Amino acid sequence: MPRIRSALAAVGLAAASLAIPLAGTPAAAESESESESATMLWNCRAVREQVGLEDGRARAFDGKDCHTPLGADEGNDYDWGDSTGQFQKGDTNAASSLMNNGYSGGRDVIAFYDITAWDYRYGYSCLAHDELFADDLSDNKFSKITTGPYTGKQNPMDNRISSHRWVTRDDCNTFVT
Ligand SMILES: [Ca+2]
Ligand SMILES: [Ca+2]
Ligand SMILES: [Ca+2]
């Protein structure tokens, strides 16, 4: 797990993202969360087995480790807090873990955004097809804000996602780890 994470951090560094929050994590907190995630991971794996590897859907869960499903969407949803689509009302600003069950190839990466209407300028992050799932979003931050008074700020992803859409890997500079 630590090796995987540092490999991904190197990728993030190459893409000019994510290096700062990872470097800023205290060593003690890091080792604690590592052992915690090692015991938690089984539920995301169980969900994945249940679903099958690919059913074309983007999944999000209220709890860590894929507990308490919020929705499973074959398409895009521009507002997780409205009354349409697979994500509605209380689903906005609630997701704490994610899963990518998309079909491999083309738009098989899911971009998640802090605000509605897929506005990347206020922060986004992509869950790659081969990353499979993110069991604890408290480890992750959105990309830097690029407009307005909070330009340069990186908000945490946990309990903040408000829209998603399917994209290609080339559309992303920031990835969920
Ligand atoms: Ca939550
Ligand atoms: Ca919606
Ligand atoms: Ca939000």
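Leaving aside its neighbours within four places in sequence, which residues is C126 in contact with?

1. A word on the model. This is a predicted model, in which local features need pLDDT of at least 70 and side-chain atom pairs count only at pLDDT 80 or more, while totals for chains, interfaces and linings use all residues. Residues are numbered from 1 along each chain as its sequence is written, and chains are lettered from A and ligands numbered from 1 in the order in which they are written.

2. The overall plan. The protein chain has four helices and seven strands; helices (H or I, at least four residues) and strands (E, at least two) are DSSP runs, numbered from the N terminus. Along the sequence the pattern reads α-α-α-α-β-β-β-β-β-β-β. Of the 177 residues, 35% count as buried, meaning that 20 or more other C-beta atoms, placed from the backbone, lie within 10 Å of the residue's own. Two residues are in contact if their C-beta atoms, placed from the backbone, lie within 7 Å. Among contacts with a separation of 6 or more, 64% are between residues 24 or more positions apart.

3. Strand β1 and its partners. Strand β1 covers residues 57-61, and four of its five residues are buried. Two strands pair if DSSP finds at least two bridges between them. β1 is joined to β3 (residues 97-101) by five bridges, and the two run antiparallel; here F61 has S97 as its bridge partner. Four bridges link β1 to β2 (residues 69-73), again antiparallel, with A58 opposite D73.

4. The open sheet. Three strands form an open sheet in the order β5-β4-β7, with antiparallel pairing. Its edge strands are β5 and β7 (163-167), each of which pairs on one side only. On average, neighbouring strands of this sheet are turned by 25° against each other, direction ignored; the axes behind such angles are lines fitted to C-alpha atoms, for helices over the stretch in contact, and angles run from 0 to 180 degrees between N-to-C directions.

5. Strand β4, worth a careful look. Five of the five residues of β4 are buried. V109, A111 and Y113 point one way from the strand, while I110 and F112 point the other way. Towards β5 there are four bridges in the antiparallel sense, and Y113 has Y124 as its bridge partner there. Towards β7 there are five bridges, also antiparallel, with A111 opposite R165.

6. Back to C126. In β5, C126 is the bridge partner of A111. Beyond its neighbours within four places in sequence, C126 is in contact with V109, I110, A111, V167, C172, T174, F175 and V176.

7. The nonpolar core. A nonpolar core is a set of buried Ala, Val, Leu, Ile, Met, Phe, Trp, Tyr and Cys residues joined through C-beta atoms within 7 Å. The largest one here has 33 residues, and those with the most contacts inside it are A95, L98, I110, A111, F112, C126 and L127. The elements giving it two or more residues are β1, β3, β4 (109-113), β5 (124-127) and β6 (133-134). β4 gives the largest share, five residues.

Technical notes: Buried ≥ 20, exposed ≤ 12 C-beta atoms within 10 Å, placed from the backbone.
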